[in-house]
Amino acid sequence: MGESLIRAVDGISIRVPAGEFLALLGTSGSGKSSLLNLIAGLDRPTSGAVVVEGKDLAALSRAELAQHRLRTVGMVFQSFNLIPSMTVIENVELPLRFAEVERSRRDSLAREALERVGLGKRLDHRPTELSGGEQQRTALARALINQPKLLLADEPTGNLDSRTGTEIMNLIREFNESLGMTVVMVTHERALAERYVQRLIFLADGKLVDDQANVAVTAAQGGRA
Amino acid sequence: MKAYDLAELAVRNLRESILRNSLTTVGISVGVASLVAMLSLGIGLQQLATRRLVKSGLFDTVVVTSRRDLRNFNRSDDDNNAPAPAESPALDEPARAKISQMANVVEAYPDLRFITSFTFDSKPHLTMVAGIPASYKNNDAFEGMQGSFFSSDIAPEVILQKAFAAELLGKTAKPGSDEIAIAEIAKPLLGKEMTMRYSERVDASGSASDGVTGDTSTYSIQSHELQLKIVGITDLDPDSMRGSARARVLLPLNLMASLHAIQPTALRDTTQAASRVPTYSTVSVRVKNPTQIQSVEDAIKKMGFNTFSMLDATRSLRKFFAIVDVFLGVFGSLALAVASIGIVNTLVMAILERRREIGIMKAIGASDVDVKKLFFAEAGVMGLFGGILGVALGWTIGRVINVGTNVYLKQQSMAPEQIWFVPWWLVGGAIVFAIVVSLLSGLYPASRAARLDPVQALRYE
């Protein structure tokens, strides 16, 4: 559609070990969201490889990519991306519909996931009746429901005040620690990232600028003091 | 996605923009309704025509004539290799008996008729009299008859045609004025006696028509009178196949045969060396089923007789109704075609509106097929509801037209008729058709939705 070719992600080579909590940092347009979309299987690289769990996403068919998004990856977004016509519990169990899980099992799994994010009581509300924090909790429950290995978060606190943002970040850290889930988070708030993540990757103009490991250890000492 | 989940999601999505989707569904239902109404009227009219014709005996009757008879229904194409008229067999009693024994033949009865004079209320009336078999009781010509059918096939009873009955009473309808009601005529006549004068053919040697030998050219004519009781007045002509030679007075066939009255053809018989057994100008053969007409006709032709049936006429009649049905169906479908454009429009609009939703579904794991199926299911559900609603609407429209027609028929003092019929296959077929049309309309929107790029769709606000 007349779009000129932009190299959103160019020559980045990173390796994320299982269980790592990692943040992609950069200004807008730096290519951090594009990189996240590539890992999520929402987009395909024009060249190179994105290997998740031993599979090269660039070589997968559209249907296989859908399976990757369904089973391997859970996503949360800055704007929550809940379906407004569905209630909280329906939103959460939607991935299970695509996974063809039985209705009764779907219901109990969705309740469980919502309990986990502290939303056990607002099951039948519509997203618009919830606060931002509650909506993001719902989105987190939805991302968790298929027990993915990888949680991808695109500016998860971008639309939240700092207190609610902290609550959400605590939840994400809990998933990372208790479920052993690998987390890749896109953010432009360096201070927030430093408080939670183990590794920071800086991008600019689609290129990798810096890669700092073991951040949270130092940040925990300085940041929380 | 499982079918049930799919249907549930489809219905919930349709409910989200209830007004637009209802209007689209109403559009489909109007299309289906016009289809159902058109076809139900076509089918109803066809059934009406068939019912009338089968009952009239036209469909299951073969008329047999001798090739000797110059006035027969000569079908020259068939007769090219037929024997010359003089050599062909006579249509006599043995021939009739033989035909009546043929497979699939219900009965074969001779056409006995002559013109004679009746006396009623000491006034003479000249008219054609004909014998009719007992099986005519079920002929629809006697549907609106006043009085009753003959008590037996030999009873000295008579059924009068309405016009003749009116003549007996001296009531002739003036042209242009309303017809006289049949009940009005029947009342003073039923149960009354009338006298028929007829001429019996008697051989010079003595008794009538039993002769084995003798010279046919010498016979005499004896005049007789017979008292007959009027048992029925009929409105319609049971004899419509015979054109101008219509009888206005009907007698039981066996009674008629026992009279040995001179037939119009008898005059010609005298010039031929005919046997003394009764010879008929025409024998009517009733067949078990209209479909067997052809085989019976062929068999009779092989015997050397001419045959005539309405088979050709019915064939073209069926063709006519098939064409009518196609035309009505096409016009009905046009409305459905317009409705299908409505479905395409609605679903394409839905894609634009739900772009983001589609993106979200894809992001959390919906495949292209899932998205396609969902839009397909929505089209299908609209088709299903539209179909059901449409059948109900079409049924109502057909019924209203039927009632309206009957009101009109009543004003014209005609009997009510069922001109509209919705068979079960039409109900099922129309709903299935609506669903199929809707699914076809959903093809393009569904594949367009499936192809949507999730990254772009999620960016869309």
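**Close-up views of a predicted two-chain model**

View 1. A:Phe80 is buried, because 22 other C-beta atoms lie within 10 Å and the cut-off for burial is 20 or more. The model shown here and in the views below is predicted. A:Phe80 sits in the loop between strand E4 (73–76) and helix H3 (88–98) of chain A. The residue is not a glycine, yet its phi is positive, at about 65 degrees.

**View 2. A:Gln147, an exposed loop residue in chain A.** A:Gln147 also has a positive phi without being a glycine; the value is about 50 degrees. The loop that holds A:Gln147 runs between helix H5 (132–144) and strand E5 (150–154) of chain A. A:Gln147 counts as exposed, because it has 11 C-beta neighbours inside 10 Å and the limit for exposed is 12 or fewer.

**View 3. A:Asp107 on helix H4 of chain A.** Helix H4 of chain A covers residues 103–116 and includes A:Asp107. A:Asp107 has 16 C-beta neighbours inside 10 Å, so it counts as partly exposed. A:Glu93 is 14 residues away from A:Asp107 in sequence. In space, the C-alpha atoms of A:Asp107 and A:Glu93 are 7.0 Å apart.

**View 4. The open sheet of chain A.** Six strands of chain A make up an open sheet with mixed pairing. Their order is E4-E5-E6-E1-E7-E8. E4 and strand E8 (207–213) of chain A are the edge strands, each pairing on one side only. From one strand to the next, the twist averages 15 degrees.

**View 5. Strands E4 and E5 of chain A, with helix H6.** E4(A) and E5(A) run parallel and are joined by four bridges. A:Val76 has A:Ala153, in E5(A), as its bridge partner. Helix H6 (residues 162–178) of chain A lies across E5, strand E1 (21–25) and strand E6 (182–187) of chain A. Helix H6 of chain A runs at about 160 degrees to E5(A).

**View 6. Chain B where it touches chain A.** The contact involves 18 residues of chain A and 17 of chain B. On the chain B side, at least two residues each come from helix H1 (3–16), helix H10 (355–363), helix H11 (368–411) and helix H13 (454–459). This side of chain B has eight nonpolar, seven charged and two polar residues.

**View 7. The fold of chain B.** Chain B has 13 helices and 11 strands. Of its 461 residues, 38% count as buried. Among chain B contacts between residues at least 6 apart in sequence, 82% link residues at least 24 apart.

Note on methods
Residues are numbered from 1 along each chain as its sequence is written. Chains are lettered from A and ligands numbered from 1 in the order in which they are written. This is a predicted model: local features need pLDDT of at least 70, side-chain atom pairs count only at pLDDT 80 or more; totals for chains, interfaces and linings use all residues. Two residues are in contact if their C-beta atoms, placed from the backbone, lie within 7 Å. Ala, Val, Leu, Ile, Met, Phe, Trp, Tyr, Cys and Pro count as nonpolar, Asp, Glu, Lys and Arg as charged, and the others, Gly among them, as polar. Two strands pair if DSSP finds at least two bridges between them. Axes are lines fitted to C-alpha atoms, for helices over the stretch in contact, and angles run from 0 to 180 degrees between N-to-C directions.
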